[in-house]
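Here is a short briefing for a reader meeting this protein for the first time. Look over the sequence and the structure, then read on.

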Amino acid sequence: MQAIIGQPIDRSDARLKVMGAAKYAAEFSVSGLAHAALVQSTIANGAIIAIDTGAAERMPGVLAVITPDNADKLQLERKSPQTVTKPTLQDREVLFNGQHIGIVVADTLERAHAAAAAVKVTYQQGEAITRMEPVIGQAYVPKHFRNGARPPDSSRGDADAAFASAPVKLEATYTTPVEHHNPMEPHATIARWDGDELTVYTATQGITGAQETLATLFGIPPEKVHVICPFVGGGFGCKGNAWPPVTLTAMAARKVGRPVKLNLTRADMYTSNGYRPRTIQKLRFAADSDGKLISMRHDGFSQMSMPVLGEFAEPVGLATEMLYACPNVAVTHRLVAINAGVPTYMRAPGEASGVFALESAMDELAVALRMDPIEFRLRNDSAIDMHENKPFSSRNLRECYLRGAELFGWARRTPEPRSMRDGRHLVGVGMATATYPANRSPAGALVRLNADGTVVVRSGTQDIGTGTYTVMSQVAAETLRMPVSRVRFELGDSRFPKAPVSGGSQTVASVSSAVLAACLAARQKVFDLVLADPQLGAGLSAAELRFENGNVIAPPGRIGLAQLLARQGVDHIETSARTDAGHGKEGHSLRSFGAQLAEVRVDPDLGTIRVSRYVGVFDAGRILNAKTARSQMIGGITYGLGMALFEATQMDADTGRIVNANVAEYLMPVNADVPEIEVVMLPGDDQIVDPLGARGIGELPMVGVAGAVANAVYHATGKRIRELPITPEKLL
Ligand code: MOS
């Protein structure tokens, strides 16, 4: 039988999606459904003195107006850093503009929104802090950096002393703006109580986390919370936690004694489920005259909300610690609190922002050295992770650079800025390195072999649009040696075996391991049944058995699964498996790598920038589906282009209000902004990460894109833009 894993097969859910038959959270039909709308603060700092809900309550169809005055009290002790407990109407404090201060329930969506607008709030208004710069002196050390897995600062050697005496130096500050995730599907929840049992249909990257958060806040056992999410219309991190709207929907459903749906508006998506925090990154790099790095210091400051709401520190310096060979490195992470919502993970959190600064600085240093940027990186390539002091499980970064340079035609580049033109356009080419950790967490899966030759595989994972359904079906089909069309993979239900949040690019490595183990266990169970059967197994040994297409092949003939099950008096065989985070990986640094190469054309009069060519070469372990992988990589590079040129959330400095909370003024790349993107995935098989040799690829391809584009813009124009996004006015 031909290998199924790796094949570029179509998504198993493609037809459902194209036909509009894939059911998203907001689309479940639940009888007696009422509709909710949020009331949000219009000040950024202060307290609510009074809320007048009278007019709203008297409006037709209104079932409840819930405010801090009448909200259920929740259990606010956080069981894990992922438990978002605030703001959930538990007090009258206002800490950012757009904070949820009420939820209104009515019989129709329109009535809910009309009543929400009729709620009158009187505030005592305080002075708001809306920018980081004036308060950067009060930056503080994160308390739960990487959920406590490591300290926020690190150093090796003496970066400052090495910098002081170095011949070639760079000192520069880079900034990245607040960005919002903007998945196509806005966040939505339907909540229904049956006695003390809660069912929620919710758009989430983590059904288990949603279950735990709701159980914690409502003080009920997790088994009483049933979370269902078969499809997610993109998440990019904003559906990684169960944010207050999920909790408020459940609270509202309990209050009105009916199922309630809260479907966030696009504007609500800017105040309700996190964002990528703004960063200010101060870098000091130095090299010797041969182009060897001798000092790297990366001091990262990232925007936080007021600390009482939670904590999230953008880990901008982690790539600087390990990417290159350098004896003296210092990295720090600090938080700067302003009156804004709580930030969160977004598309390669840490690496996306941090590697923009790192790779811009590397380019600037290459310019100072008068050295080709690829040559500079090759000279500083590292055989080991010098931060962890471990070998890499695999690192083919050199090959990424060389392959990328060849495909891109890097040799045709003339080094001088403004030296390449096409008609009146300035042409520039730039490159950057990509890296992202290969994460893996414990996961479970269940396999059911049916007498009719079909297979059902279940895991409590999610498909956030990346292809989990398809790829896991391939893993099961190949392991059980059956056509993929006979496998049905089910996910998105908290009653299935637990799997991790679909974040940190960990689903493939985590869940494929569990699916593989469960399928191997199923096959073994079938063999055991054959061998234990006095008639079928007579004279056979385990080594002679194979499982193929639903049959046990044993010399001289075959035993059908249906026949075997009939003899057992059952209609299916079920096995499950739970795999851990991976054995034997502690001795290695687990990362993926890539080379990003961009060509831009800049209009010298207008400052407009077009990315005209793009090549990305990635070393991401074994690829389980060449088609879904390529789609993800093109998608990742595309949102890297968004980071480079377009995306930025604008906050009004006086009011702290987000002024472009829509997809017309929050710019994202559209088809015309995206050139043909050439993606190469180097062959790989990283057995140290997981038994299938695969590493996650969701986030890797966006890392370095903004740096490559910024470096290309410098090469085209001679202007170094250290503040994202690179908009035309910055070039004029
Ligand atoms: Mo991701 S930003 O870990 O969903």
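The mean positions of the 74 positive and 75 negative charges of the protein lie 1 Å apart. The model is predicted. Its secondary structure comes to 16 helices and 29 strands. The radius of gyration is 27 Å, close to the 27 Å that the globule rule gives for 732 residues, so the protein is as compact as a globular protein of that length.

**Overall build**

- Along the principal axes, the C-alpha atoms fill a box of roughly 80 × 70 × 50 Å.
- Of the 732 residues, 61% count as buried.
- The protein exposes about 27,100 Å², and carbon and sulfur atoms supply 52% of that area.
- Among contacts with a separation of 6 or more, 81% join residues 24 or more positions apart.

**Nonpolar cores**

- The largest nonpolar core holds 87 residues. Leu358, Val600, Tyr614 and Val709 touch the most other members.
- Helix α8 (residues 351-369) gives this core its largest share, 10 residues.
- Beyond residues up to four places away in sequence, Leu358 touches Leu283, Phe285, Met296, Ala319, Thr320, Leu323 and Tyr324.

**A buried glutamate**

- Glu321 sits in helix α7 (residues 318-322).
- Glu321 counts as buried because its relative accessibility is 3%, under the 20% cut-off.
- Leaving aside neighbours within four places in sequence, Glu321 is in contact with Arg150, Ser154, Arg156, Val329, Val331 and His387.

**Cis peptide bonds**

- The bond from Lys86 to Pro87 is cis, with omega near -5 degrees. Pro87 is placed in the loop between β3 (62-66) and β4 (93-94).
- The bond from Leu724 to Pro725 is cis, with omega near -5 degrees. Pro725 is placed in the loop between α15 (705-717) and α16 (728-731).

- Ala348 has a phi near 60 degrees, a positive value in a residue other than glycine. Ala348 lies in the loop between β15 (329-337) and α8. At 0% relative accessibility, Ala348 counts as buried.
- Asn549 is not a glycine, yet its phi is positive, at about 55 degrees. The loop between β23 (546-548) and β24 (551-554) holds Asn549. Asn549 is partly exposed, with a relative accessible area of 37%.

Conventions
Residues numbered from 1 in each chain as written. Predicted model: local features only at pLDDT ≥ 70, side-chain atom pairs only at ≥ 80, totals over all residues. Heavy atoms only, no water. Helix = DSSP H or I, 4+ residues; strand = E, 2+ residues; numbered from the N terminus. Rg over C-alpha atoms; globule rule 2.2 N^0.38 Å. Buried < 20%, exposed > 50% of the residue type's maximum accessible area, 1.4 Å probe, protein only. Contact = heavy atoms within 4.5 Å. Areas by Shrake-Rupley, 256 points an atom, 1.4 Å probe, with all protein chains shown as cover. Lys, Arg positive; Asp, Glu negative; His and termini not counted. Charge placed at Lys NZ, Arg CZ, Asp CG, Glu CD. Core = buried A, V, L, I, M, F, W, Y, C linked by side-chain atoms within 4.5 Å.
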